[in-house]
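Q: Please take a close look at one part of this structure for me. I'd like a connected walk through it.

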Amino acid sequence: MKILISGGTVVNASGPFVADVLVEGETIAALVAPDSSASASWQESADRVIDARGQFVIPGAIDGHTHMEMPFGGTQSADTFETGTRAAAFGGTTTIIDFAIQSKGKSLREGLDAWHAKAEGKCAIDYGFHMIVSDVNESSLNEMDLVIDEGVTSFKLFMAYPGVFYSTDGEILQAMQQASSNGSTIMMHAENGIAIDVLVAQALARGESDPRFHGSTRPAFLEGEATHRAIQLARVAGAPLYIVHLSAAQALDEVVKARDRGQSVFAETCPQYLFLSDADLAREGFEGAKYVCSPPLRPESNHADLWRGLRTDDLSIVSTDHCPFCFKEQKELGVGDFSKIPNGIPGVEHRLDLIFQGVERGEISLARWVDVTSTTPARMFGLFPKKGVLAPGSDADIVLYDPDATHTFSAATHHMNVDYSAYEGLEVRGQVKTVLARGVVVIEGNQFVGRPGSGQFLQRGLNGYLR
Ligand code: URP
Ligand code: ZN
Ligand code: ZN
């Protein structure tokens with residue numbers, strides 16, 4: 001199959017330029033000048049010509065942080081790999097990296113096998129896995145080396161959630177030492193879970209049970225403190241560190257200091273920390289439960305710091321931390337006790353649009369929009385240049401994006417398998433029009449025309465910023 005994408009403005013992380021994109025089979029054959037003889041010859045021979053005039057042609061977005069079918073708080077996140085990857089495709093995301101979970105008392109192997117079983121034959125787009133290590137011991141440390149050979153090259157540890165995912169500082173140090181020797185990247189949920197559990201128990205004892213107390217019991221200082229501690233542990237181990245879902249200026253300050261002294265510390269933030277705030281968590285009645293995630297939504301004053309971090313590359317990536325729970329019956333598990341509200345916000349469909357609002361407002365450039373949503377995730381998670389760039393030989397994961405179209409987010413129209421939208425009624429400028437995943441059109445005319453199961457598991461390489 002030969003496809004010509006003609007007349008659009010190609011935007012890579014290096015910047016925009018006018019070019020026609022020639023797709024042959026699953027990959028990009030060439031980028032050529034629109035008035036070139038190569039383009040004219042493809043006009044004749046292509047099986048399909050897609051008119052991209054007036055649109056940006058960008059590399060498919062990569063969401064490096066999702067949770068499909070994730071067991072949490074006595075329930076399970078509401079998107080399956082089938083529904084979640086279809087919703088991702090609607091939003092211009094053509095690769096996800098989900099978190100396979102090693103449960104306490106189980107092996108990494110068992111966790112990874114379980115995630116393969118959930119995802120295989122279901123995904124509409126390509127997918128990879130990080131691994132959550134919940135039980136650091138000699139055998140799981142050795143297993144880290146083994147799963148790297150299977151393309152799982154990054155491991156998430158938790159300083160939060162004692163009794164569930166939590167690791168002690170000593171365990172974290174050991175995992176970091178292992179990462180230092182095997183070349184993998186440690187990802188950290190940096191919140192001081194031991195202190196938070198004390199604050200949660202005290203709040204509940206005072207009768208403070210509404211969703212907003214989820215925020216007040218997880219203060220930003222305890223994210224800043226944990227981020228600092230994680231950075232020092234990584235420094236001792238000589239290991240790279242990637243801070244996930246960074247929400248607060250206090251944590252960003254720690255990342256900036258580490259990067260300024262040359263430590264290999266990276267961080268992502270998420271759209272919810274750029275667009276939502278603790279005021280959402282404090283919404284009337286139980287509405288705030290829709291906005292319960294960890295770290296919690298912070299005061300709006302943090303937004304400017306996070307946008308600055310994205311501009312200056314102190315924040316490398318925007319991922320979604322997509323972890324959807326329906327309001328009915330799932331979030332409602334926490335009526336009368338905020339600590340029982342399953343943590344997470346749906347967002348896999350909206351990241352490209354939301355971060356494009358930052359371009360519209362002058363917070364980041366067009367090129368940086370592509371960089372933080374596609375190119376840097378590809379480099380960071382060992383997928384570049386197969387993914388993350390429009391270049392000859394790269395996978396033909398391509399999004400045609402109309403910068404002038406407007407649309408409104410709503411649970412009534414989104415494609416995520418969840419009964420509410422955290423952005424209900426928000427009108428955005430810019431819209432995904434056409435999506436190709438490895439050379440196959442999967443979204444067109446606001447319809448999904450792809451196939452569950454066409455997404456392939458990606459064996460990822462090591463972090464491209466460290467090689
Ligand atoms: O609230 C969140 N972030 N839920 C997903 C689990 C995690 O910590 O990433
Ligand atoms: Zn986390
Ligand atoms: Zn997460």
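A: Donors here are N, O and S atoms within 2.8 Å of the metal (3.2 Å for Na, K and Ca), and with water not among the atoms, sites may look incomplete. This is a predicted model, where local features need pLDDT of at least 70 and side-chain atom pairs 80 or more, while totals for chains, interfaces and linings use all residues. Residues are numbered from 1 along each chain, chains are lettered from A and ligands numbered from 1 as written, and side-chain values use heavy atoms, without hydrogens or water.

The zinc ion (ligand 2) is held by Lys156 through NZ, His189 through ND1 and His245 through NE2, at 2.1 Å. Along the chain, its donors are spaced as K-x32-H-x55-H. Another zinc ion, ligand 3, is 4.1 Å from ligand 2.

Lys156 belongs to strand β13 (residues 154-158), whereas His245 is in the loop between β15 (241-243) and α9 (249-260), so this pair ties together parts 89 residues apart in sequence. Strands (E, at least two residues) and helices (H or I, at least four) are DSSP runs. Both residues are buried (under 20% relative accessible area): Lys156 has 2% and His245 has 1%.

Notes: Buried means under 20% relative accessible area, exposed over 50%, partly exposed in between (1.4 Å probe, protein chains only).
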